[in-house]
Structures are given as structure tokens and as C-alpha cells.
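Got the viewer open and your selection tool ready? Let's walk through this one stop at a time.

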Amino acid sequence: MAQIRLKNVSKRWGKFVGVDNFNLDIADQEFLVLLGPSGCGKTTTMRMIAGLEEITEGEVWIGDQMVNKLEPKDRDISMVFQSYGLYPNMTVYENIRFPLKVRKVPKEQHHERVMAASKMVELDDFLERRPAALSGGQRQRVALARAIVREPNAFLMDEPLSNLDAKLRVSTRAQIKNLHHTLKRTTVYVTHDQIEAMTLADRVVVMNKGVVQQVGTPMEIYDQPANTFVASFIGSPAMNLVNGMIADGVFTSDGIRIEGLPHRASGAVTLGFRAEDANLAEANGQIEAPIYTVELLGEATMLSMRVAGELVSIKVGKDYRAEIGELARIAIPASACHIFDQSTGARIEA
Amino acid sequence: MSEAMAHKRPVLLNTFIYGFIILWLILAAVPFLWTVWGSFKVEADFFSRESWWNAIFGTATIRETGAAFTGDGYYGAWITRDFWKAAFNTIIVTICVTTISLTLGTLGGYALARSGRNYAFWILIAALVFRAMPHITLVSGYLLPFFQLNIWGVLPTSIIVLVAINQPFTLWMLHSFFLSIPKDLDESAMVDGCTRFQAFRLVIMPVMWPGVVTTGLFSFLLGYNDFAVTAMLLSADNQTMVPKISSFLGSIQETGNVMFAVAAVVSATVPLFILVLFFQRQIVSGLTAGAVKG
């Protein structure tokens, strides 16, 4: 049982603000992903939970204990590091066993638990090797096994997949998801890769410049981004954002006109829509502009065109062919549009 | 592969290369071998004014002792003039200097390497300044206070001064070794259940051995070879080997004293050879690698 609670947590180095007033309740057994570009404070937040970074202000609670003053070893968490942090002088077996040894777990249990943990990550054949003789993916699995062998209250994972090649990343990602399902422990996972966040998380926290931008399930974050930062960070390609004016539910800008939008918004706004929500128009479209490029993706074709000074991407059928410079008409349903305040970037709800 | 390459090189270049190596070997080895050989002769041979062949054939040695080789120099130095005591003192001094320097150096170097503070940098710069000063400038300043405190002439005083002189170097050296060990290692150890000190002892130190051995060897050599400090700060009774050898040379009223010095020099050099041969692998790996591949 371990909820993790962060109350008004801040981290400052002199005048530099690393994390600003972070508030979050992480439920027991939840898989929470901290997502953001590098330098946004996500790793710092995790390190404050782990006890590797001092907390400038605020409180961190694990279970029903305030852990601000506790050493990392007394917090009953385990952590997987980006660069693995394996002990190079020990064999894989000894690496996995190390947490049991220093925590004085009775010796009779060691072998059984090391074997169980290594089996879970399919490392049984490499127990006698040293980390230097392993591939990147195997090293990462040793780090995972070392984290799970102790059966702690919570797992912290700091970009565990970023040193792996693309193919291995997908399979290890699946393995982590499966492990979480089996072990049912609270997990906090830091990444800058929005696909990892979408696939793994129960809930995602999007951060930028030390400030939480949005907390929600992957679908909420994808479907109702709280501001233009989240909209442009989530999704591949990112959401198209076009500046323009809205009045009486009609959005207009250079080369684009959308009717039937909610009446609440007026004045200068940013309009957002996803590439896959737009399509080729039969007759009069909402966008009429010359094609900038046509990219074949295999399963679809990505069309980009310049609208109101921005390049917008439109996903169309895989058989679509057109020349650069040709005029294209694009239909965008009003229901698929997101409207943000142009000055603050905040979402304006319908 | 090297053989194949040797075949490809022109003969002239090969001759030059091997000639140079042989010349270098002679330059490096002959003075020492000459001293070893000469240490088994009498002074009339080794410092012969008639012909240096006497030193090789031992004409005077045969005349004086009845054999071509004699252990008189060694006997005189080790037994008559108590060189064994100097050797014993050297052992005490070097072991103490090495142990203390390494203990303080590993702890301090680790702390400085892991500290994110600005002053860590300035401490290292200050250490470098002290390292750059000639030893003798420090020692001359010590003399008066040591007399006044009545701690002049004994081994512990010299040990402390040698440690002080050596510490900046060990700090620098070990600091850079610690920097090459990723911080993740300490941190994963601490999350795995270690205190800071346990992480240092169980995880960091085992990876640090090449660095410790290399730094330890340099500390050992400093203690072993030092002349400035030990000559100035030790009384005649407590001398270590190097000032003792110098005192053999200094008093030439007695015959055979120079040969005592020669024998003592050879005795003092042999352990160094053995040491370097024994630790060469660690020294090389310590000097070249340093970095830990995790």
C-alpha cells in the first residue's frame, strides 16, 4: 500500500526554479507518468520522491509518512536509472541480490528471490556474467530485476528506455507494462517520449519549465489538452495550431474559415485540430491552400500546407497523390476543433 | 602482426630503430648494473685511479679479501653502521604516509568529487598551489616551531609533514578517479538500501582499486625517496634510508664508507624494482583506464 502525495513541492537552486509548487496525489498501484521536454523538472520531481534531491519547500508523503527528512534507503522505494547504475564489479546475480544483502533480508530467502526476479525479466541465462558483458537491453533488465527483487512499496523509473534502440524500446516497454500488472505496485515513470506516456500510463502529468500543465488519463490529455503547450507536445504529429479571430462561432484567418464553433469564445484565439481529424473536402472546405509537401507514411499520406503563416499537417488516405503547389480543399468538422486563448494559451471550453 | 610489419619496413629504418632501442637500454640500465656489480668490490677497485678495468676484474678486491667478490660493503652498511635501522624506519615512514594519505585522500577526493558546491573547486586549486611549492620551502619554516615544541627529530613528525606534502596530490588524483565513476552508482546503492558511507565502501571502493593502487604507489615513492624532509627533520638516530646514504657519503674520514653508500644504494633500489614488477598491471590500468564501463 503506497499512495504518494506531493504537497506544494518546490525545488530551487538559488534563483533558478526547477520545480514550482507541485501538487499531486498518486493512488496506490497507479502507473503515473511524468512527461515533458528535457529540463522541465520531471526528473527533479522524481528525485525528490526518491530522496536524492533535497526538497526546498513543501512535503512529500509516501503512505502515511512524511518522508522529507528520510534517507533514500528508508523510503522503501526502488529506482531504475537511465544509465542503469549497475555495479560493474559484481555479477548479474550479485547485482540483483545486492538490495537484499544490504537490507539484511534473511540469507535463506536470497537465492529464491533473485531467481524469481531474474525469471520475471528473462535473465536466468546471464546470472554469472558481469554487466560489461551484457547488451544494453540486458543491462536494463538487470536494473529492473534489481528494482523488483526487494518488492518495495513503489517503483521510480527515470527514462529507463531512452538508451535502448527503437525495437528494443517497444518490447521492453511492453515488459514494463506487464510487470506493473503482475506486481501491482505504485509506479512513477519519467519520460520525454509521449508515446511511452500514452502506452504505459494510468495518468499522465505533463510538465513544462517546472510547472504542471495538465494531469489526466492519456485519453483526456490527448482529447482535451489544457493549453497550447500540451496540445503541441502530445501526439505525432503534434496538434495543428492556427492563430486567428473568432466571432459568433466563426473562426477566420488567412486561408481558413470554420463555422459552427461555440459562441463563448470571441476575439483573438488559437485554433487547434489534429491531423487525423481533418480530411479532404468534397466541395467547399474549411481550408483552401496550396500544398507544401506530400509525405508517404505507408499506412497514410501526410499532407502539409501553409495556413495563416503556420504549416499544418493533414492525414489523408494512403492512395492520395498530388503535386506540390496544387490547391487542396480540406474539411475540418467543428466538433474536432479546440480553441485556446491566444495570450494565455489556456483552453476555452465549449 | 608486429613481425609482418617489421618485414615491411626498410632494413635501414629497422637498423635505426633497433639500434636506438639498444642504445637507450644501455643508457638506462648500465649505470645501475655498474653500481650493483661495483657494490661487491672494494673501494680501491670501484673508484680505481689506475684503470676502470679494475672495477670489472676486481684486482684490488682479490688482493685485499682473497676473492673477486666481497660482501664487505653490505656488512659494513647494514651491520656496522646500522643501515637495518634506517631501512626499518623507512618501512614505518612509507607505510604510515601511504596509509594516511590514501585514507584521507579517498574520503576527501570522494567528497570533493560528489560535492556540487563552488568551494570544492577552490579547495582543489589551493591544494594545487601547495603541491607546486618546493618541499624545502615548507620544511625550513617548520624547523623552529618543531624545536620549540620539542617534536623535532622523531618519525611521527616527519610522517605528518610528508602526509601534508603528499595530500594535495592524492586528493587531485583520487578526485579525478572518483569523477570518472558515474554518480548513478552511488545513487542506486543508496536507493537499494545503503547509507552514503556504505555506498562508498561497498559500491564505489571496489571499482576504485586501480586508482587507489596507482595513487598509493606514488605516495609510497614520495615517502620512500624523500630527502628534503627526512634529512632536515630527523635526528641521526632516527634517519631513514635516503638521508642515511647521504651521511655515508658525507663522512669520508673512514675508509670503506663510500662503499657502504654504494651497497646501501643498491639495497634501497632493489625493493622498488620488485614493487613495480609486482604492481605493474594495476599501475598501467590505473594510469590509462580510470573510467569504469558500467
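This is a predicted model: local features need pLDDT of at least 70, side-chain atom pairs count only at pLDDT 80 or more; totals for chains, interfaces and linings use all residues.

Is A:Leu70 buried, exposed or partly exposed? A:Leu70 counts as partly exposed because it has 14 C-beta neighbours inside 10 Å, while being buried takes 20 or more and being exposed means 12 or fewer. Now show its contacts: leaving out residues up to four places away in sequence, A:Leu70 touches A:Gly51 and A:Arg75. For a distance label, pick A:Ala50 as well; it is 20 residues from A:Leu70 along the chain, and their C-alpha atoms are separated by 9.6 Å.

Now hop over to chain B. Its secondary structure is 15 helices and 0 strands. Its C-alpha atoms fill a box of roughly 75 × 70 × 30 Å along the principal axes. The radius of gyration is 24 Å, whereas a compact globule of 294 residues would come in near 19 Å. Of those 294 residues, 34% count as buried. Take the contacts in chain B with a separation of 6 or more: 70% of them are between residues 24 or more positions apart.

The unreviewed UniProt entry annotates "transmembrane region" on residues 12–37, 91–112, 119–147, 159–181, 202–224 and 258–279 of chain B. Residues 12–37 of chain B are 100% helix and 0% strand, with end C-alpha atoms 35 Å apart. Residues 119–147 of chain B are 93% helix and 0% strand, and the end C-alpha atoms there are 35 Å apart.

Last stop: the place where the chains meet. How many residues of chain B are in contact with chain A? There are 19, and they touch 22 residues of chain A. On the chain B side, the elements giving two or more residues are α11 (183–191) and α12 (196–225). Of the elements on that side, α11(B) gives the most, with 6 residues.

How values were computed:
Residues are numbered from 1 along each chain as its sequence is written. Chains are lettered from A and ligands numbered from 1 in the order in which they are written. UniProt positions are given in the numbering used here, feature names are shortened, and annotations may be inferred rather than shown by experiment. Helices (H or I, at least four residues) and strands (E, at least two) are DSSP runs, numbered from the N terminus. The radius of gyration is taken over C-alpha atoms; the globule rule is 2.2 Å times the number of residues to the power 0.38. Two residues are in contact if their C-beta atoms, placed from the backbone, lie within 7 Å.
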